[in-house]
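This briefing sets out selected structural features, grouped by topic. Please read it alongside the sequence and coordinates shown below.

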Amino acid sequence: MTLRGDVIGKPRRRVDGRAKVTGQTKFADDIVLPRMLHAKLLRSSVPHAKIVRIDTSKAAAVDGVSLVLTGESFPIAYGILPVSHDEHALCRDVVRFVGDPVAAVIARDEATAERAMRLIEVEYEALRTFASPDDSLAHPEPRIHEYGDFGNVHKAVALQFGDVDAAIAGADHVFDDLFYFEGNTHLPIEQHATVATKDQDGKLVVYSSTQTPHYLHRALAKALSLPAAHIRVVATPNGGGFGGKSDPFNHEVVVAYAAMRLDRPIKICLTREEVFYCHRGRHPVLMRFRTGVTKEGTITGLDLQTLLDGGAYGSYGVASTFYTGALQTVTYDIPTYRFRGCRVFTNKPPCGPKRGHGTPQSRFGQEVQLDKIAETLAIDPADLRLNIVQPPDSLTANFLRVGTIGLADCIKKVVDRSNWRDTFRKLPLGHGVGLACSSYLSGAGLPINWNDLPHSGVQLKLDRSGGVTVFCGATEIGQGSDDVLVAIVAEVLGIDPFDVRAVTGDTDLTPVDLGSYSSRVTLMMGNAAIQAAERARELIADAVSVKLEIPKGRLVFADRRVFDAEDPERGTSFREAVRLAEAKFGTLGTTGSYTPPRSEAKFKGGGVGPSPTYSYTAAVVEVDVDPETGWVTVPRVWIAHDIGRALNPTLVRGQVEGGVYMGIGEALMEEQVFRRLPAKLSHALVHKFPSILEYKSPTSLEMPEVFTDLIEYPDPAGPFGAKEVGQGPLLPIMPAVANAVYDAVGVRIDSIPVTPEKILRALEAKAAGKAPRQGPASFPDIPWPETLRVTPPWAGGTGRADNEPARPTHRRVDAGIEARAAGITKEARS
Amino acid sequence: MKLRLTLTVNGEPADTLVDPDKTLLEVLREDLQLTGTKHGCELGECGACAVLVDGVPLLSCLMVAHECEGRAVVTVEGLTEDGRLHPLQECFADLGAAQCGYCTPGILMTAKALLDREPHPSRERIREALSGNLCRCTGYQQILDAVEAAASLTVTR
């Protein structure tokens with residue numbers, strides 16, 4: 001049973017392509033139900049305060065208002081991570097940022113709801129506002145939350161793998177650099193929207209623009225005290241997600257509650273300003289990289305500290321914190337490593353997972369520092385990296401399993417394609433090139449709620465019509481997950497993608513898939529789909545083999561037929577083959593599941609970073625910098641991505657180019673920043689520009705031409721060998737831009753975004769004989785917890801910390817649900 | 001009080017009663033059930049709601065519907081002809097120019113206006129024409145490719 005490649009690997013129109021170009025894709029706000037009411041949320045106008053009094057009487061009296069809600073109706077907290085259930089649908093006692101929802105109005109239309117909303121009176125008693133991590137570290141009281149490690153520190157972690165101090169002390173050179181990465185946001189063009197209704201049986205149905213229907217399902221069950229079995233969550237296709245629709249949101253819980261109470265459908269669609277308040281975007285991160293390097297340019301040890309500004313709630317923040325330290329070792333050979341990360345609460349919209357989740361910030365620091373190391377050692381930055389690329393099939397110092405790694409090929413490819421050897425340090429003033437690399441997960445190896453259940457499930461239904469329907473909880477957010485699902489089933493069964501119908505993202509109809517995050521869908525759903533489709537093929541082959549008297553092993557599924565490999569004329573149509581199987585076995589249905597392999601990282605905190613396989617990327621960015629104005633333009637980007645195997649090269653290229661685009665935005669202009677209103681006003685800490693116009697993002701005019709190469713060595717862990725592509729290609733862009741700016745005008749911008757203002761200031765410093773650099777000057781003293789010491793594998797470590805108290809280990813029941821090596825080996829799988 | 005609004009939408013007469021403060025976007029989506037036209041800001045910043053009014057691409061979120069009295073509006077639902085996709089639609093679908101698809105209707109309408117005016121635009125002209133339509137997914141490259149491909153298709157027809 002080998003891959004013919006009739007579908008897989010061919011550039012194709014995505015299965016939902018027609019719907020998207022005809023306007024027929026139904027997004028959440030396109031849903032209209034009879035008797036539907038509309039909701040608006042009143043959001044806090046102050047950054048941190050006790051709620052003293054809320055008077056909703058005037059709002060409730062407005063003609064057309066059905067219901068006014070406050071935090072009283074929502075006593076139960078929820079949140080995405082089990083360790084930080086710190087959100088209420090509406091604030092009960094305290095508001096924690098400008099934009100925190102305090103009340104809701106349900107009315108016959110949006111305008112009425114808004115009018116009534118403005119009549120709600122809220123009396124606040126101001127609390128100290130924490131505007132920065134420095135504020136939060138300096139003042140433990142008042143606490144923004146009653147939980148967290150201490151004071152206003154949400155989480156502080158310290159991990160050490162080997163004797164990093166000795167390794168750095170013994171190095172030929174020590175590089176000690178500070179970097180800062182400003183926060184930025186996803187800015188999906190679709191504003192979040194949700195429609196909730198009570199179905200004819202009295203059960204709750206929620207249609208929402210969510211990337212994670214399964215987690216929303218769980219959150220609704222908890223927050224509303226309803227059995228999960230009586231809640232149906234339907235993830236509508238997302239009009240862009242990028243991580244920004246991965247948390248359960250206030251508005252979702254509010255309209256779900258209101259729909260049940262009023263027994264009417266309720267819709268809410270957020271304004272663009274509100275989308276900025278939902279945020280959950282890139283954490284601002286301050287970083288200190290101390291790296292020991294030999295004179296040959298190999299790394300002896302890395303000592304990394306990160307400080308994350310988490311905003312007002314937990315969100316994915318604990319994971320984000322660990323991710324700032326997780327993937328350095330997956331890219332380069334770093335034999336000893338210490339990572340200390342700290343996330344503080346501040347009175348700003350909560351940060352969370354944005355494309356690259358916690359890794360782009362420290363990737364920026366590491367890749368710029370490598371550029372400085374190369375400069376000091378007079379080694380070409382490409383050669384420096386080629387020399388330290390992590391070898392394949394290795395276990396990193398922090399016990400992450402690297403399988404296939406195409407990074408060296410990626411570097412060679414972009415060096416070659418960009419003419420790097422003739423341009424680096426050779427272009428005239430104002431023109432430069434920069435190189436950087438990255439790695440990313442192909443799916444988080446552990447689920448958010450630790451359990452022994454599959455991460456992705458797929459069901460297949462086939463019948464005498466010859467039609468095949470595939471069911472999976474995966475969520476289409478534009479990345480093409482429906483296309484991957486259909487393509488895999490079509491490939492395995494030898495039919496056309498058009499013959500397959502996909503039903504996805506519906507907790508009533510589809511088996512659980514954990515959601516569209518961590519670049520997990522292609523790998524996990526894909527492996528589950530292969531298993532389900534191969535099981536169906538087995539049944540069909542059994543029936544055809546008996547009927548046509550052809551040995552099963554000789555049957556080929558292709559061209560909508562099932563036939564004898566040795567005599568292709570002998571065979572039957574796929575439709576007839578399914579009929580034979582239905583007659584022989586009864587109603588046909590198969591399932592597939594995927595659970596990632598167990599991680600070797602057993603220490604506390606080792607749950608963040610493991611993945612079935614990692615993708616790799618290298619990029620060269622060309623910049624033109626005007627030395628008079630500091631203005632940067634990016635004419636061209638060359639990028640090579642280790643994709644394992646491109647299932648649909650058209651979509652893969654789109655993900656690469658989209659990642660480059662978002663990286664250019666983050667590198668040059670995107671900032672989610674805040675300011676204090678003047679004291680004579682409220683002195684509130686407010687978002688500087690919660691609008692698309694002023695939150696600058698690249699248009700078609702700023703977008704460079706991108707030259708994409710895909711490096712394809714099929715990975716045994718991925719479906720047909722595929723790895724992720726949704727996130728990795730974003731990561732090298734920011735450091736490559738900064739490195740190119742240095743090549744162009746000789747100044748180091750160690751702070752993202754690289755704005756003209758920073759470049760000008762650095763050029764002025766350079767002209768004045770000062771350090772030609774813009775970036776942070778110090779890293780605060782943080783009371784780190786006791787460092788967990790883990791002996792690296794090369795020193796005989798077991799993956800457990802030497803000084804960790806014994807804790808109950810998580811045991812996964814082996815239910816035969818590991819699907820590995822899917823699609824690229826010939827071994828028959830059970 | 002609602003006022004009568006009579007206009008042509010996708011070649012068909014539309015006769016409806018709408019609130020005088022409603023935008024064209026709201027009338028299209030809410031009164032005429034043409035939800036193919038999207039919104040990303042309702043402030044004229046993102047371009048998602050672009051439609052053609054008398055052949056000119058305009059932001060429907062900034063137009064009061066009653067300004068369109070007697071005028072001809074074309075939305076993404078009006079791009080197909082005789083059940084066949086417009087060349088722009090074919091090329092957008094084939095070449096990956098629509099990822100999430102949310103900005104796509106506005107971009108298609110803006111691109112159609114460009115090709116109607118200039119059948120053979122340069123890549124730079126396409127970039128300029130689409131610079132008011134934000135797309136967060138694609139990085140624009142496959143969109144530019146698709147518009148170029150559609151322009152060449154239109155010629156060979």
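The model is predicted.

**Position and contacts of Glu804(A)**

- Glu804(A) is located in the segment that follows strand E34 (788–790) of chain A.
- From its side chain, Glu804(A) reaches the backbone nitrogen of Lys604(A) at a distance of 3.2 Å.
- When neighbours within four places in sequence are left aside, Glu804(A) is in contact with Phe603(A), Lys604(A) and Leu788(A).

**The seven-stranded sheet of chain A**

- Seven strands of chain A form an open sheet with mixed pairing, in the order E32-E8-E13-E14-E15-E7-E34.
- Strand E32 (751–752) and E34 of chain A each have a single partner strand and stand at the edges, so one side of each is left without a neighbour in the sheet.
- E34(A) pairs in the parallel sense with strand E7 (residues 153–161) of chain A, over three bridges.
- Gln160(A) has Arg789(A), in E34(A), as its bridge partner.
- Helix H9 (residues 317–326) of chain A lies across E7, strand E13 (285–293), strand E14 (299–309) and strand E15 (337–344) of chain A. The helix runs at about 150 degrees to E15(A).

**Nonpolar cores**

- In soluble globular proteins, nonpolar side chains tend to be buried together.
- The largest nonpolar core comprises 158 residues, and those with the most contacts inside it are Leu407(A), Val623(A), Ile733(A), Val741(A), Ile759(A) and Phe92(B).
- Helix H19 (residues 733–745) of chain A supplies the largest share of this core, with nine residues.
- A second, separate core has 48 residues, among them Ile8(A), Ala529(A), Ala577(A) and Ala722(A).
- Not counting residues up to four places away in sequence, Leu407(A) touches Thr331(A), Tyr332(A), Val389(A), Cys437(A), Ser438(A), Tyr616(A) and Thr617(A).

**Domains of chain B**

- According to the domain assignment, chain B has domain 1 (3–77) and domain 2 (87–156).
- A distance of 21 Å lies between the C-alpha centres of domain 1 of chain B and domain 2 of chain B.
- Contacts between these domains of chain B involve 15 residues of domain 1 and twelve residues of domain 2.

How values were computed:
Residues are numbered from 1 along each chain as its sequence is written. Chains are lettered from A and ligands numbered from 1 in the order in which they are written. This is a predicted model: local features need pLDDT of at least 70, side-chain atom pairs count only at pLDDT 80 or more; totals for chains, interfaces and linings use all residues. Side-chain values use heavy atoms; hydrogens and water are left out. Helices (H or I, at least four residues) and strands (E, at least two) are DSSP runs, numbered from the N terminus. A polar contact is a pair of N or O atoms within 3.5 Å; within protein, one must be able to donate a hydrogen and the other to accept it, and residues adjacent in sequence count only if both atoms are side-chain atoms. Contact means heavy atoms within 4.5 Å. Two strands pair if DSSP finds at least two bridges between them. Axes are lines fitted to C-alpha atoms, for helices over the stretch in contact, and angles run from 0 to 180 degrees between N-to-C directions. A nonpolar core is a set of buried Ala, Val, Leu, Ile, Met, Phe, Trp, Tyr and Cys residues joined through side-chain atoms within 4.5 Å. Buried means under 20% relative accessible area, exposed over 50%, partly exposed in between (1.4 Å probe, protein chains only). Domain bounds come from an automatic or database domain assignment.
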